[in-house]
Amino acid sequence: MSVEILERLYGNIYYLTSVILFVIGFHTMLTHRNLIKKLMALNIMDTAIFLFFVAIGYREGGQAPILLPGVERFVNPVPSALILTGIVISVSFTAFALALVVLLHKHYGTIDSDEIIAIRGKKYV
Amino acid sequence: MFSLSHAPILMVVTLLTAGFIVPLVRKHLLVAKALFLGAGLLVTILSFLVAGNVLENGTMVYNVGGWAAPHGIVLVVDAFAAYVSLVISVISLVIFWFAVFAPREVKYEAGYYALILLLTAAMHGIVMAGDIFNLFVFVEISSLAAVAIIAVKGTKESVEASFRYLILSALGSGGLLFSIALLFMVTGHLNMDFMRQTLAVTAGQYPLNVLTALAFMVVGLGVKSALFPLHIWLPDAHANAPTASSALLSGLVVKVYIVAFIRIAYMTLGMELFYLLPIRQILLVMASLAIVAGSVFAIVQDNIKRLLAFSTVVQVGYIFLGFSLLSARAVEGAVWHILIHAIMKTLLFLAVGVVIHQSGYKKISQLHGLGRRMPLTFACITLGALSMVGIPGTAGFISKLYLALGALDAGQAIFAGLILLSSLLSAVYYFPLIITAYFGHDASPTVSEPSIAVQLPLVVLSLAVLFYGLMPSVLLPLVRQTAALIMR
């Protein structure tokens with residue numbers, strides 16, 4: 001029984017890894033107060049999703065989808081192409097967020113989210 | 001004769017191109033302003049033509065680059081898309097006008113116009129996208145631009161609010177992309193039409209994928225559209241943005257994400273899912289919580305813009321309530337509310353922005369007697385507030401009526417009661433604004449009305465509130481078709 005579970009996990013190793021990465025990113029983002037660390041966590045989460053997406057199109061031993069004699073198995077190119085766009089989006093998000101962190105540091109003198117909230121005087125409702 | 005078949009893509013392209021040209025001519029501000037307004041006007045005309053064409057000839061499909069689906073990218077303009085993009089273009093044109101003529105609030109005006117243009121282009125794109133990945137790309141453009149038009153104000157509060165918005169928005173994007181990956185896994189398609197057809201066969205084989213995808217999507221788009229427990233970014237973000245941005249964000253942007261949700265959840269995954277999964281109950285509970293809790297939070301606000309922001313949380317609840325009640329009239333009510341809330345909230349945010357700028361007062365308790373100094377502006381605010389409460393004769397009454405009737409149709413009378421309760425609550429938080437403004441001791445005589453160009457958008461929107469309150473039949477065919485499409 002447990003061998004079967006292990007085999008299934010191994011068969012889905014890419015998906016498994018991406019879910020673990022996603023959870024690491026999500027957890028770090030929620031628990032860390034440093035804004036830069038939050039952004040790094042965000043990037044880990046994004047990477048997890050990219051891995052997941054690319055893994056959908058992957059086939060064991062697959063080649064790039066160029067029609068050459070003797071090449072039989074192809075990797076699905078669509079997810080890879082999409083993730084290229086996804087990476088660009090993630091880069092622009094990160095760049096913009098870092099610019100905002102610089103501004104925050106200028107205004108508040110800190111990049112610790114709790115301290116910023118303390119300086120602002122909190123009113124969440 | 002000019003062929004209308006290219007009009008949908010032209011709407012997006014015009015706004016995007018203008019968005020890139022405007023910062024280039026920033027040295028000649030007059031040219032930049034003219035380009036900005038011209039692009040808005042052109043897109044409004046195109047959206048009217050497209051809406052007319054869709055009503056007459058049915059759904060328009062545009063193959064980008066001539067490649068047909070499933071291999072190419074398509075824009076699909078059905079009644080829903082035509083209706084929402086009509087709303088977006090008209091309301092955004094009014095806001096464009098305000099942004100150009102209102103007193104300056106941001107440092108780099110040309111850059112601000114460019115961001116607004118990008119945001120509007122992305123909104124049209126979300127509405128018309130025929131495949132799910134382009135929808136995602138447009139969602140990302142609009143998220144980034146939406147954060148940027150808050151941050152441009154440059155104050156301490158606005159930077160903090162926009163950073164929080166950015167982080168949560170990025171989290172939402174992650175959820176959305178994950179759900180797209182899961183759906184792509186099951187269907188092998190990105191085109192929403194093909195996805196729907198494939199899902200009819202494969203959804204039963206991979207129920208876990210579809211379930212997880214739906215969960216990620218509710219969270220992802222829920223964060224972006226500020227559905228109740230996920231709304232925490234909204235009050236700060238909308239209250240600390242420049243006036244034109246607040247109006248744009250509250251009136252249009254949150255609703256576009258609802259449209260994206262409806263497109264994927266209702267029109268791609270299909271209604272059958274709603275009878276298998278408890279998703280409808282979850283949405284109903286979240287929407288009801290939004291209506292009650294949003295009203296309670298709004299009551300305790302003294303800052304006018306925060307009050308309006310919490311009112312937006314309530315209205316998002318209304319729209320979700322209508323869509324999840326799943327009776328024809330409730331869905332029609334929700335579709336109506338997309339337009340009517342856009343008009344009312346834009347009117348209120350612009351008018352309040354004018355008041356804050358002219359008087360320097362940001363709190364309701366400071367408004368004593370200002371209504372006598374700024375009669376026209378406060379007449380507009382009063383009309384907007386009455387419409388928010390849902391007084392008959394104003395536009396707000398129409399959508400609330402449809403929602404309440406829809407709740408009765410669905411056999412859920414308790415939600416009709418909820419709408420009534422919420423109307424009373426909204427009277428509790430909107431009337432102090434009006435009462436303090438007209439009564440109480442006299443305001444300082446230095447406060448005066450702004451120029452006519454600034455008042456024009458307020459008057460136009462007020463007339464629209466009255467117009468749709470008294471003659472809702474003008475847009476009814478489009479609303480009916482949209483509701484029928486969603487309930488398909």
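Let's start with salt bridges: searching the whole of this predicted model turns up nine of them over all chains. Here are three of them, with the N to O distance for each.

| Salt bridge | N to O distance |
|---|---|
| Asp114(A) and Arg33(A) | 3.5 Å |
| Glu160(B) and Arg164(B) | 3.4 Å |
| Arg480(B) and Glu332(B) | 3.2 Å |

In chain A, the pair ties together distant parts of the chain, 81 residues apart: Asp114(A) sits in helix α5, while Arg33(A) is in the loop between α2 and α3. Asp114(A) is partly exposed, at 40% relative accessibility, and Arg33(A) is partly exposed too, at 44%.

Now for chain B. Glu160(B) and Arg164(B) are four residues apart in helix α6, so about one helical turn separates them. Glu160(B) counts as buried at 7% relative accessibility, and Arg164(B) is buried at 13%. Arg480(B) in helix α20 and Glu332(B) in helix α14 are 148 residues apart. Here Arg480(B) is partly exposed at 42%, but Glu332(B) is buried at 7%. Shared partners also join Glu160(B), Arg164(B), Asp236(B) and Arg306(B) into one network of salt bridges.

On the side of chain B that touches chain A, the elements giving two or more residues are α5, α6 and α13 of chain B, and α6(B) gives the most, with 20 residues. That side divides into 24 nonpolar, seven polar and seven charged residues. Together the two chains bury about 3,400 Å², 83% of it on carbon and sulfur atoms.

Technical notes:
Residues numbered from 1 in each chain as written. Chains lettered and ligands numbered in written order. Predicted model: local features only at pLDDT ≥ 70, side-chain atom pairs only at ≥ 80, totals over all residues. Heavy atoms only, no water. Buried area = accessible area lost by both parts, 1.4 Å probe. Nonpolar A, V, L, I, M, F, W, Y, C, P; charged D, E, K, R; others polar. Salt bridge = Lys/Arg side-chain N within 4 Å of Asp/Glu carboxyl O. Buried < 20%, exposed > 50% of the residue type's maximum accessible area, 1.4 Å probe, protein only.
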